[in-house]
Amino acid sequence: MALRFYNTLSQQVEEFTPASDNTVRMYTCGPTVYDFAHIGNFRTFTFVDLLRKCLRANGFQLNHVMNITDVDDKIIRNAVAARQSLAEYTKVYTEAFLEDCAALRLERPERLVPATEHIPDMVAAIQQLGDGQHTYATEGSVYFKIASFPGYGKLSHNDFSGNLTGARVDVDEYEKADARDFALWKTPKEGELFWDSAIGPGRPGWHIECSVMAIKYLGETLDIHAGGVDLIFPHHENEIAQSESLTGKPFSRFWLHAEFLMVEGQKMSKSLGNYFTLRDLVAKGHAPESIRYLLASVPYRKALNFTMDGLRSAAISIDRLRNFKLRLETDRCAEGLNQQLLARTAQASQAFTESLNDDLNTAEALAAVFEFVRDANSAMDAGEFRAANAPAALEFLGLFDSIFDVLQPSAKAGGLSDAEIEARVAERTAAKKARDFALSDRIRDQLLEQGIILEDTKSGVRWKRK
Ligand code: AMP
Ligand code: ZN
């Protein structure tokens, strides 16, 4: 079945294909690098990673741009407090963000674009908006006049008619009911850093960076624009107003928004103090892939309640799958092929793909995997699983892992415990005794893949971590 997404703009589930050729032009809003990102942020970034992988599984290529917001009120405040330049300050958190993404196995977008490297482009866009009568300047700052854009409110589905009063706002985030003219260019306050430009000294507001960088690298109309639900208003509404006023074309065909990661009924956020960074959880001994699994397991349009129990069950689910894989690779089943089981494998694989194509329904996709694992394990216990059934089952696990990417243990998180390694070594010794050298070599290679080196000595097998 064709790939379908819920589009916030139309409020409908729609079939997705790129507008032209086979390449998806996608823009997603990236982090504000003022501190370490928390796992609420990473829920949204994990959703974007799943989106990328599902688009690719559907045969599309990607041209995906993500911004790094490396100038905003919080960054300036913190950099001043740390007595660092903006660049010094943001470098630390940009690198930390990229390291965390790598630990969570999030693919890098084709292009990562820092806002501060695009200031002249933003200035030019603000001038162009001025030429089109969409702006006004007051006390050195330049504002976007939302009354000049008739479609204002079409993404958040707010009716702002009669409410476009000309009230202004300087901060980047504000409440839904408040339709305000927003700052495109902010005049520096006493002692604040600024860029000199043709529209005066200042720095860009948050919204203009995304419009400018998206159009610059992806063209006037994107296929997909995505982010967290908190960005629908005002950020994405403002991006639409700016971009469509600049080009006269629809800014993005699809708008996808991920719901929040919650803690005891509240959004996980820095300001509430109810957050964990990835580093916090890894330091407590949780594997990054358990966190990835947890974040991926709830469909993106449902709020995800974070608990430590949930995280522990994620680890148990991964273990089940790894054990199943190991069993497929090492159990010696009777020769032949169980046709019924082969058909069952194909059916599970189809259910998996269809669930993901149905607006990334990861919960149903996982249900298809676990029901299959249960059936296949029972068939193995009953001696009904045949040697020639293993490749298709392994291929299905491969398909699962091409999206969820949790089967390979992270080297840093310890991977196998000593007891697990001893057990594998004993299995290898038994295989060797039984002159099953193929199996003993496979076990040695699998251990090596996980950074464990075996040495055959006179007094037995010794092992060490690389
Ligand atoms: P920021 O670094 O604050 O610009 O946020 C980066 C991304 O994280 C944005 O797309 C937000 O929508 C998203 N985000 C922030 N808090 C949460 C949360 N609790 N759950 C899910 N996504 C979030
Ligand atoms: Zn943005």
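A residue is buried when its relative accessible area is under 20%, exposed when over 50% and partly exposed in between (1.4 Å probe, protein chains only). This is a predicted model, in which local features need pLDDT of at least 70 and side-chain atom pairs count only at pLDDT 80 or more, while totals for chains, interfaces and linings use all residues. Residues are numbered from 1 along each chain as its sequence is written, and side-chain values use heavy atoms, leaving out hydrogens and water.

**Aromatic pairs**

- The structure holds 21 aromatic pairs (ring centres of Phe, Tyr or the six-membered ring of Trp within 6.5 Å; planes under 30 degrees apart are stacked, over 60 edge-to-face, the rest tilted).
- Phenylalanine 324 and phenylalanine 372 pair edge-to-face, at 6.1 Å centre to centre and 85° between the planes.
- That pair links distant parts of the chain, 48 residues apart: phenylalanine 324 sits in helix 9 (residues 308-330) and phenylalanine 372 in helix 11 (residues 362-381) (helices are DSSP runs of H or I, at least four residues, numbered from the N terminus).
- Phenylalanine 372 is buried at 2% relative accessible area, and phenylalanine 324 is buried at 1%.
- Phe324 and Phe372 also belong to one aromatic cluster with Phe352, Phe396, Phe400 and Phe404.

**Charges over rings**

- Lysine 74 lies over the face of tyrosine 34, 4.6 Å from the ring centre (NZ of Lys or CZ of Arg within 6 Å of the centre and within 35 degrees of the ring normal).
- Arginine 301 lies over the face of tyrosine 6, at 3.9 Å from the ring centre.

**Cysteines**

- There are zero disulfides (pairs of cysteine sulfur atoms within 2.5 Å).
- Cysteine 29 is buried at 7%, whereas cysteine 333 is partly exposed at 22%.

Methods: Chains are lettered from A and ligands numbered from 1 in the order in which they are written. Helices (H or I, at least four residues) and strands (E, at least two) are DSSP runs, numbered from the N terminus.
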